[in-house]
Amino acid sequence: MAGMNIHEHAEAAERRFGGTPQWQQVTERTAHYTDADWQAFRAEISVTHLKVLAAMRAGVPATDPSVMDLAEEHRGHVSRWQYDCDHETHRELADVYLTDNRMARSYEDMAPGLTQYLHDAMVANYERWLAQSAAAGFWVS
């Protein structure tokens, strides 16, 4: 993400999430990451961010299925590289993007309004998952 180096991001994340199961999992996963792993991590999320940015600039609503798919791609990235991120956790993360100034700044540095747009896409993706789960007869808490 623009505007924040990986160490600054890690320090901010630890202040906010230290002691949570997600924090424990991310620290265990990333403890052995090589420089190549970190490069792959950044490259993968950058591609997703650029796709979200392109959708926003094209005027595609954050609630459009194609943008929700990008939010799902984002959720997959978090799950692969950081911690197990189910839909509910990803929905909570969406709110963090709006309330954590460092996180918001990293998106706003890419483009004004991107933080809100990504948040809205993540929320829409969560709501889509809820609707699909309900339609399939799954009980969701």
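This is a predicted model: local features need pLDDT of at least 70, side-chain atom pairs count only at pLDDT 80 or more; totals for chains, interfaces and linings use all residues.
## Overall fold

The chain is built from seven helices and has zero strands. Read from the N terminus, its elements run α-α-α-α-α-α-α.

Of the 141 residues in the chain, 39% are buried. The chain exposes about 7700 Å². Carbon and sulfur atoms supply 55% of that area. Among contacts with a separation of 6 or more, 69% join residues 24 or more positions apart.

H87 sits in helix α5, which spans residues 87-99. Its relative accessibility is 14%. The cut-off for buried is under 20%, so H87 counts as buried.

Two side chains make polar contacts with the side chain of H87. One is R75, at 3.4 Å. Another is W129, also listed at 3.4 Å. Leaving aside neighbours within four places in sequence, H87 is in contact with E72, R75, N125, Y126 and W129.

## Packing of α4 and α5

Helix α4 covers residues 65-81. Its axis and that of α5 come within 11 Å. They cross at roughly 100 degrees. Angles of 65 to 115 degrees count as roughly perpendicular, so α4 and α5 are roughly perpendicular to each other.

On the α4 side, the contact is made by A71, E72, H74, R75 and V78. On the α5 side, H87, H90, L93 and Y97 take part. These residues divide into four nonpolar, three polar and two charged.

Technical notes
Residues are numbered from 1 along each chain as its sequence is written. Side-chain values use heavy atoms; hydrogens and water are left out. Helices (H or I, at least four residues) and strands (E, at least two) are DSSP runs, numbered from the N terminus. Buried means under 20% relative accessible area, exposed over 50%, partly exposed in between (1.4 Å probe, protein chains only). A polar contact is a pair of N or O atoms within 3.5 Å; within protein, one must be able to donate a hydrogen and the other to accept it, and residues adjacent in sequence count only if both atoms are side-chain atoms. Contact means heavy atoms within 4.5 Å. Axes are lines fitted to C-alpha atoms, for helices over the stretch in contact, and angles run from 0 to 180 degrees between N-to-C directions. Angles under 35 degrees count as roughly parallel, over 145 as roughly antiparallel, 65 to 115 as roughly perpendicular and the rest as oblique. Ala, Val, Leu, Ile, Met, Phe, Trp, Tyr, Cys and Pro count as nonpolar, Asp, Glu, Lys and Arg as charged, and the others, Gly among them, as polar. Accessible areas come from the Shrake-Rupley method with a 1.4 Å probe; for residues, only the protein chains shown count as cover.
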